[in-house]
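Work through the exercises below with the sequence and the model open beside you. Each task is followed by a solution in steps.

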Amino acid sequence: MRFRYKLVDRIPMQMEEGVVYHTEEFELAGLLCACGCGHRITLIVPDSHEVWDDGGYATIQPSLGVFDAPCKSHYVIRAGKVQWLPAFSGSQATKIMQGQIARHVAHDAMPASWLLRSIATALGFARKLLAAVIGGGSR
Ligand SMILES: [Zn+2]
């Protein structure tokens, strides 16, 4: 299966497998998990991930970690092709989330308001994901 890229006004309720939906207006992307488990993945674009149209196929950076579904899949999608990566443990997930937040901070020459919004979004997103992994969301 190769993931096609589809620019949409909003993410549909019923997503097709093998399609990455991207809405620039809402700064979101959505897809069904590549493992076939049917889990809906929502990405915050570009705060957590970047999504490109790569000749009609989707490229997503950085890797997708599915922490909030039983499959715990981890993969990258490049030009629609799925490359599988080792699954995360809970502590690795925490580190990766912290790394993503640090990358936002490292963005140079961005206006402070943009940076703060970006960090707030990243932290909120990380907290949600971690709550799903750890359960209860403590620390
Ligand atoms: Zn899955």
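**Exercise 1. A hairpin**

Solution. 
Step 1. Five bridges connect E5 and E6, and the two strands are antiparallel.
Step 2. Two residues separate the strands of this hairpin, and Gly 55 in the turn has a positive phi of about 65 degrees.
Keep in mind that the model is a predicted one.

**Exercise 2. The next pairings**

Task: Which residue in E7 stands opposite Leu 64, and which residue in E8 is the bridge partner of Ile 77?

Solution. 
Step 1. Opposite Leu 64 stands Tyr 75 in E7.
Step 2. E6 and E7 are joined by three bridges and run antiparallel.
Step 3. Ile 77 has Val 82 as its bridge partner in E8.
Step 4. Strand E7 (residues 74-78) and strand E8 (residues 81-84) are also antiparallel, with four bridges between them.
Step 5. E7 and E8 make a hairpin with two residues between them, and Ala 79 is in the turn.

**Exercise 3. The whole chain**

Task: How many helices and strands does the chain have, and in what pattern do they follow each other along the sequence?

Solution. 
Step 1. The count is two helices and eight strands.
Step 2. Along the sequence the pattern is β-β-β-β-β-β-β-β-α-α.
Step 3. The chain has 139 residues, of which 22% count as buried.
Step 4. Among contacts with a separation of 6 or more, 36% are between residues 24 or more positions apart.

**Exercise 4. The nonpolar core**

Task: Which members of the largest nonpolar core touch the most other members?

Solution. 
Step 1. The core has 18 residues, and those that touch the most other members are Val 20, Ala 29, Leu 31, Val 51, Ala 58 and Ile 60.
Step 2. Two or more residues of this core come from each of strand E2 (19-23), strand E3 (28-32), strand E4 (40-44) and strand E6 (57-65).
Step 3. Take Val 51: beyond its neighbours within four places in sequence, its contacts are Val 20, His 22, Ala 29, Leu 43, Val 45, Ala 58 and Ile 60.

**Exercise 5. Backbone exceptions**

Task: Where do Pro 46 and Pro 62 lie, and what is the phi of Lys 72?

Solution. 
Step 1. Most residues other than glycine have a negative phi, and most peptide bonds are trans.
Step 2. The bond between Val 45 and Pro 46 is cis, with omega about 5 degrees; Pro 46 is in the loop between E4 and strand E5 (50-54).
Step 3. The bond between Gln 61 and Pro 62 is also cis, with omega about -15 degrees; Pro 62 is in strand E6.
Step 4. Lys 72 is not a glycine, yet its phi is positive, about 50 degrees. Lys 72 is in the loop between E6 and E7.
Step 5. Lys 72 has 17 C-beta neighbours inside 10 Å and therefore counts as partly exposed.
Step 6. Ala 79, in the loop between E7 and E8, also has a positive phi, near 50 degrees. Ala 79 has 14 C-beta neighbours inside 10 Å, so Ala 79 counts as partly exposed.

**Exercise 6. Confidence**

Task: Which elements of the chain have the lowest and the highest mean pLDDT?

Solution. 
Step 1. The average pLDDT of the chain is 85, and 83% of the residues score at least 70.
Step 2. The lowest mean, 69, belongs to helix H1 (residues 90-106), and the highest, 98, to strand E1 (residues 4-7).
Step 3. Where pLDDT is low, predicted coordinates should not be read in detail.

Methods
Residues numbered from 1 in each chain as written. Predicted model: local features only at pLDDT ≥ 70, side-chain atom pairs only at ≥ 80, totals over all residues. Buried ≥ 20, exposed ≤ 12 C-beta atoms within 10 Å, placed from the backbone. Contact = placed C-beta atoms within 7 Å. Pairing = 2+ DSSP bridges. Core = buried A, V, L, I, M, F, W, Y, C linked by C-beta atoms within 7 Å. pLDDT = per-residue confidence, 0-100.
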